[in-house]
Every structure is written in C-alpha cells, then in structure tokens.
Amino acid sequence: MTSAHSKLYSNDVSLVVVVVDTNPFFWAAAALPFADFFANLVHFVNSLLLLNHLNRVVVIAAGVSSCAYIFDSSDASPAGGVGVTATFDKASRKVEEFIAQDARATAGNGSVASANAASLLSGALSLALCYIQRIFRSGTRHPQPRILCLQGSPDGPEQYVAVMNSIFSAQRSMVPIDSCIVGTQDSAFLQQASYITGGVYLKPQELNGLFQYLAAVFATDLHSRTFLRLPKTLGVDFRASCFCHKKTIDMGYVCSVCLSIFCKNQKKCSTCGSEFSRVMPDLNSMPDQSK
C-alpha cells in the first residue's frame, strides 16, 4: 500500500516509526537478552538512515504503564550523520531512563505486574500516529510513513478498543503497520493491524539472526515492496475482546446501536445506555454446532 499524498518526496523515501516493547517482565524470561535485541535494533535504524539521506526514523518505547519517544533522527546533526556507537550510547541511556521511570509509574499505580503483563501498545500506536500527522501537517514535503512494531509481550485485552481505533486511524491515513514478533506467542492485535493496513507480519524462527530479518523484510520502502515476495500471514485471529470483562471471546452479544461486544447477555448496554427488551439465549448453554 502506498500513499498518494501530494507532498511526498518520492517513492523511495521513508518515515519509519519503530515501536519497541521494553516490558521488563517479558525480557526477564526471553531467550534473547534485551541488550542484544537493542543492539540489533540500533544497527537496523542506522541501515535505514544509510539507504537514503532523506529517510527519517523515530523510535518509541512501550512499557507496562507508559510510552515515550527515545530517538528521532531529525534531531541528529545534518552534517556527518549519526554514527552507530553514538546512536547506541544515546538511545541506550534514554531506554534505561525510560525503563526505570516506567517501573516507578507501574509501582505507583498499585497494579500487580507479572510475566503475562502486557505492554502499552495502544499508547505507543497513538504516539506514532500523532507524530505522523504532525509531519503531514507541517507544510513541508515528507517521506512515506509506516509503523514497525517489535512486540514480545502478550496482548492486553483491556486495550482492545484503543488498539482497534489506532488500527482504523492508520488505515484511514494509509499508514501500513508492520509487525515483528520476538516473543513465543503470536499477537492477534498485530495480526489484525498488519492485515487491515496492508503491512507485513513476521514471527522470526531464529532470534539470533534478528537483524537479518529486519534488514531483509522491513528495511524495504513501500514502493520497492511491490517487486518483492514478502512473508504473508497464513491465518489472522479476528476474535474480539468483550467490553465487560476484557476477555477474548469466540461468540458474544453485540449492541445494535454502538456495536459494543459482551460475553454475557445484558439488559442494558454499558457503553451507550441502550436497553434491550428482547431476551436472548445464553450462548454458553447452546449445543456445539460443530458436532
């Protein structure tokens, strides 16, 4: 998918907003140490900047309770560029500061985090889209935008509405969302995001070669993708999360007014306040139609 915006530089100039999962509870048990993962990311960012001097890269860290910008290539010196070592040192310091700040925010919220804690993907996608819209409205020529999510944590069902709103906003703005899963579980959120927006979804089989995956699949600009055979998702999990308990469900009840989804029959919609006069059968008591 390519944008037809009138203020584009050219087909091969890119604005890549990278969303990085910094959830410490995931990385504590991950097969790939976070330091090695971040080193691969820094090399990938530098390779994007070397492909075209007009390319721009922004990195957003997504923690458990917060998210923040940790790198923006437009802040670099125009003469001489940014070296690998300088980029790694500066970004590493910002990431360490962010992780410590996010840990304090998580403790201050009184929430009990565990190995299954989700990162704040919805907030990071919102930051990415806000940055892209700011570039759109800057009045200057801009590169073709896309978002790359490097996700390891499991999905947070409580973020379902916010994540889907971000996905549809990206689709409306013609911004593809690419997804690279570095955890053991697939992400239903990012499967839908890549499918709906025309992005690429990839779950590498060998994380030791993460940079090779990033460079071969996600470094290519949107125009050049039309000439390549990129990985395709074999199946997409389109299951939704209920609005009442924030759980992923296979079958549920949908409000005919606001389309809110509930896992149990409700007399009144908790979202829009509509009252349901018709008594619906309990889905849990219905016989299995697959037998």
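View 1. Arg146 is buried, with a relative accessible area of 1%, where buried stands for under 20% relative accessible area, exposed for over 50% and partly exposed for values in between (1.4 Å probe, protein chains only). This is a predicted model, in which local features need pLDDT of at least 70 and side-chain atom pairs count only at pLDDT 80 or more, whereas totals for chains, interfaces and linings use all residues. Residues are numbered from 1 along each chain as its sequence is written, and side-chain values use heavy atoms, with hydrogens and water left out. Arg146 forms a salt bridge with Asp178, and the closest N and O atoms of this pair are 3.9 Å apart; the term salt bridge requires a side-chain nitrogen of Lys or Arg within 4 Å of a carboxyl oxygen of Asp or Glu. The pair links distant parts of the chain, since Arg146 belongs to strand E4 and Asp178 to strand E5, 32 residues apart. Here helices (H or I, at least four residues) and strands (E, at least two) are DSSP runs, numbered from the N terminus.

**View 2. Asp178 and Arg225.** Asp178 is buried, with a relative accessible area of 1%, and Arg225 is buried as well. The side chains of Arg225 and Asp178 meet in a salt bridge at 2.5 Å, N to O. This pair also joins distant parts of the chain, with Arg225 in helix H8 (residues 222-225) and Asp178 in strand E5, 47 residues apart. Two salt bridges are found in a search of the whole structure, and Arg146, Asp178 and Arg225 are linked in a network of salt bridges.

**View 3. Strand E4 and its neighbours.** Eight of the eight residues of strand E4 (residues 144-151) are buried, so the strand is largely enclosed by the rest of the structure. Both faces are covered, with Gln144, Arg146, Leu148 and Leu150 buried on one side and Pro145, Ile147, Cys149 and Gln151 buried on the other. Strand E1 (residues 14-21) pairs with E4 in the parallel sense over seven bridges, two strands being counted as paired if DSSP finds at least two bridges between them. Within this pairing, Val17 has Ile147 of E4 as its bridge partner. E4 also pairs in the parallel sense with strand E5 (residues 177-181), over five bridges; in E5, Ile177 is the bridge partner of Ile147, and Cys180 is that of Leu150.

View 4. Six strands form an open sheet in the order E3-E2-E1-E4-E5-E6, with mixed pairing. Strand E3 (67-72) and strand E6 (201-202) are the edge strands, each of which pairs on one side only. Strand E2 (residues 56-62) and E3 run antiparallel and are joined by five bridges, and in E3 the bridge partner of Ile60 is Tyr69. E2 and E3 form a hairpin with four residues between them.

**View 5. Met174 in the loop between H5 and E5.** Met174 lies in the loop between H5 and E5 and is partly exposed, with a relative accessible area of 32%. Its phi is near 60 degrees, a positive value in a residue other than glycine. Most residues other than glycine have a negative phi.

**View 6. The second largest cavity.** On a 1 Å grid over the protein atoms alone, a cavity is a set of points where a 1.4 Å probe fits but cannot get out, and its lining residues have an atom within 4 Å of a point; the volume is the space filled by probe spheres set on the points. Ala118, Ser119, Leu121, Gln151, Pro154, Asp155, Gly156, Gln159 and Phe189 line the second largest cavity. By class, this lining has four nonpolar, four polar and one charged residues, where Ala, Val, Leu, Ile, Met, Phe, Trp, Tyr, Cys and Pro count as nonpolar, Asp, Glu, Lys and Arg as charged, and the others, Gly among them, as polar.

**View 7. Gln212 and Asn40.** Gln212 is found in helix H7 (residues 210-218) and counts as exposed at 51% relative accessibility. Gln212 and Asn40 are 172 residues apart in sequence and 9.0 Å apart in space, C-alpha to C-alpha.

Notes: 1 Å grid on protein atoms, 1.4 Å probe; cavity = no way out; pocket = protein on both sides within 12 Å on 5 of 7 lines; lining within 4 Å.
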